[in-house]
Amino acid sequence: MSRRILVTSALPYANGALHIGHMLEYIQTDVWVRYQRLMGNECQWVWADDAHGTPIMLKAQAEGIEPEELIARVKSEHERDIAGFLLSPDNFHTTHSTENRELANLIYERNRDNGNIVRRTIKQLYDREREMFLPDRFVKGICPNCGAADQYGDNCENCSATYDATDLKDPISQVSGTTPELRDSEQLFFALGNFSDMLREWTDSGSLQPEVANKLKEWLEGGLKDWDISRNAPYFGFEIPDAPGKYFYVWLDAPIAYIASHKNLAARTGEDWEASWKPGSDVELYHFIGKDIINFHGLFWPAMLEGAGFRKPTGVFCHGFLTVDNLKMSKSRGTSITIETWLKHLQPEYLRYYFASKLSGSVVDLNMNFDDFITRVNADLVGKVVNIASRCAGFISKRFDGRLATAYPEDMIEDYRHFTSAQSIIMQYYEQREYGKAMREIMLLAEHANTYINDAEPWVKIKDPEQAEAVQQICTIGLNYFRIIATYLSPVLPELASKTEEFLNTTLTLESLEQPLCDHAINRFKPMMTRVEASQIEKVMDETKANADAKKASGSAAGNQDASLEPLKPEIEIDDFDKVDLRVAVITDAQPVEGADKLVQLTLDIGIETRTVFAGIKAAYDPADLIGRRTVMVANLKPRKMRFGLSSGMVLAAGPGGSDLFILTPDDGATAGMRVK
């Protein structure tokens, strides 16, 4: 009896392009889904764009368009990339949908009626310059748990701790760059502590990887805090039914889109989607996610479902991050390769195979090394797999009218069974998401097939007319090996599988492998894969770096997603600009500020006097290297009192932020105090 399975992937955010880091998870999901279908199971993959939140609202403002127009455009781009990488979701929807609004309201109202929603007034960070309360992701500071700098206001990427933005040390608004202030605000909270017993039982149920379950136990043992599920206007999302001016936090309605996408699909297929989401359903439900969002999927999501009378996931499959040459992916370093760029120069199946060859069922980071990538793809796919077909096809087409031998040699049946019996362990590895182990088993078969052909030497035997039948049998055996290998690889390489079906004039199924393919007409062989050349990688990297440089030059802050979302300020008159007094300043002293991760205390000589200015440039400069340099400062900026002292001015700098920040440096001939026009 076949299994009924529902699969989801984490939702890509609808304000930017998909890149190869995203593809790690999506390829992992697609391989597992295709494997289930190969096994004859009924497996649906429902998915969506994450289309809500302040970043999308601000980016739309910056582009002068409505958020709906932005998310529609990005969704179209994502769908293009999904198709380009041969992903096979049954439905790709959006969180900004009627289905998701209705379901978010339903799940909220059921939890409210069950006593799981509470209201209370809290202190929140407020940006006075922009006149808005700051969402968690628009505040950065020092993690209160581990002390890591430059962390967002909801969770730490270094230690995975979750906290409130108000817990951050040295918070900075990512919208205006100013220090926010605390203000009172009434918010709605999900009483996560109500579900402590259920969550302890669920995390021990085997639904999670051991390392994920252990991490969640740390949070459970520390006591579960109420979860703030509301955000103040302005906010792009769904307004809460009984709280005018308040909107559902994006992380409330985002996972609900799994259900909404399934409901949207069911409207076309006629299935009973509700039956899959009821407690006790025989449908298996699995989520593929990254390790940075395990708290949402391992705690908040099952609690929300439980409180609203929905079923919980059968399993949550968590993976690590992708690094490039052991470095975190970065737009500013030119390593954040978009799918659009990749597909201009390289086949999608190269990356599908490379990721599969390195993926396991554990939560470990995967490194993208391009030398290893070239070697592995060329050696395995071109040198081992496709080589089997290319070595045998020509003899069958030219000498035997494109027809395989009438019967399979009796003395080779046992060896054929060796190939088909490998199905058990390979499929088991697919089920466990141990793709790397599955690829190694398949490559052992490919090596065995190539060794057989080498030893049989059909190119020698074909010269002897009396051995023509033997050559036909050798090539028939080789092509049957290729058929088995291509079938086993089909979850990873669906395009190669399709080309194999056309070439061998057959359908690749596990059932069909029970008997060898004999007395059968095949089509002329066409090249299936070509070698990866280093020049192709160079083109990908050059284009990626050029795109990053172009964004920097245009002021879009390519290396800082939050900065790129900042809208233009209101227009000013030339008279307004004339009010700004820009002066050449000589840095006579520069010291790090104790207790501040980003700040440098500068002593500036502007000719007529000396000023002290605190500048957030520590990540870009060693303070000692700044002494004696000339720069440009706003000399008539009203002094600002900071907890480190009084800052009397502002140094001008440009760049996306962090280490990619550059103070403006005038010509050597400029003297201290000279006005800059």
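Is Asp150 buried, exposed or partly exposed? At 38% relative accessibility, Asp150 counts as partly exposed. Buried means under 20% relative accessible area and exposed means over 50%, with partly exposed in between (1.4 Å probe, protein chains only).

This is a predicted model, in which local features need pLDDT of at least 70, side-chain atom pairs count only at pLDDT 80 or more, and totals for chains, interfaces and linings use all residues. Residues are numbered from 1 along each chain as its sequence is written, and side-chain values use heavy atoms, with hydrogens and water left out.

**Overall architecture**

- The protein chain holds 22 helices and 26 strands. Helices (H or I, at least four residues) and strands (E, at least two) are DSSP runs, numbered from the N terminus.
- The C-alpha trace spans about 105 × 70 × 40 Å along its principal axes.
- Of the 677 residues in the protein chain, 55% are buried.
- Take the contacts between residues at least 6 apart in sequence: 73% of them join residues at least 24 apart. Contact means heavy atoms within 4.5 Å.

**Helix pair α4 and α7**

- Two packed helices are described by the angle between their axes and the distance between the axes.
- Helix α4 (residues 98–113) packs with helix α7 (residues 250–269) at an angle of about 125°, and their axes are 8 Å apart. Axes are lines fitted to C-alpha atoms, for helices over the stretch in contact, and angles run from 0 to 180 degrees between N-to-C directions.
- α4 and α7 are therefore oblique to each other. Angles under 35 degrees count as roughly parallel, over 145 as roughly antiparallel, 65 to 115 as roughly perpendicular and the rest as oblique.
- The crossing of α4 past α7 is right-handed. A crossing is right-handed if the near helix is turned clockwise from the far one by less than a right angle, and left-handed if anticlockwise.
- From α4, the contact uses Glu99, Asn100, Glu102, Leu103, Ala104 and Ile107. From α7, residues in the contact include Leu252, Ile256, Ile259 and Lys263.
- By class, this contact of α4 with α7 has eight nonpolar, two polar and four charged residues. Ala, Val, Leu, Ile, Met, Phe, Trp, Tyr, Cys and Pro count as nonpolar, Asp, Glu, Lys and Arg as charged, and the others, Gly among them, as polar.

**Helix pair α12 and α17**

- Helix α12 (residues 370–399) and helix α17 (residues 468–489) cross at roughly 145°, and their axes come within 9 Å.
- α12 passes α17 in a left-handed crossing.
- Contact residues of α12 include Val385, Ile388, Cys392 and Phe395. Those of α17 include Val471, Cys475, Leu479 and Phe482.
- The contact of α12 with α17 has 13 nonpolar, three polar and no charged residues.

**Strands and sheets**

- Strands of a sheet pair through backbone hydrogen bonds, either parallel or antiparallel.
- Two strands pair if DSSP finds at least two bridges between them.
- Strand β18 (residues 582–592) is joined to strand β21 (residues 630–634) by five bridges, and the two run antiparallel. Arg583 stands opposite Met633 in β21.
- Strand β1 (residues 4–9) is mostly covered, with five of its six residues buried.
- β1 runs parallel to strand β2 (residues 42–49), and four bridges join them. Ile5 stands opposite Cys43 in β2.

**Loop residues and backbone geometry**

- Most residues other than glycine have a negative phi, and most peptide bonds are trans.
- Asp150 sits in the loop between β6 (139–142) and β7 (151–152). Its phi is near 60°, a positive value in a residue other than glycine.
- Glu131 also has a positive phi, near 55°. Its loop runs between β4 (117–127) and β5 (132–133). At 60% relative accessibility, Glu131 counts as exposed.
- Ala233 and Pro234 are joined by a cis peptide bond, with omega about 0°. Pro234 lies in the loop between β11 (230–232) and β12 (246–248).
- Ile65 lies in the loop between α2 (54–63) and α3 (67–84). Ile65 counts as buried, at 18% relative accessibility.
- Not counting residues up to four places away in sequence, Ile65 touches Ala60, Leu70 and Arg73.
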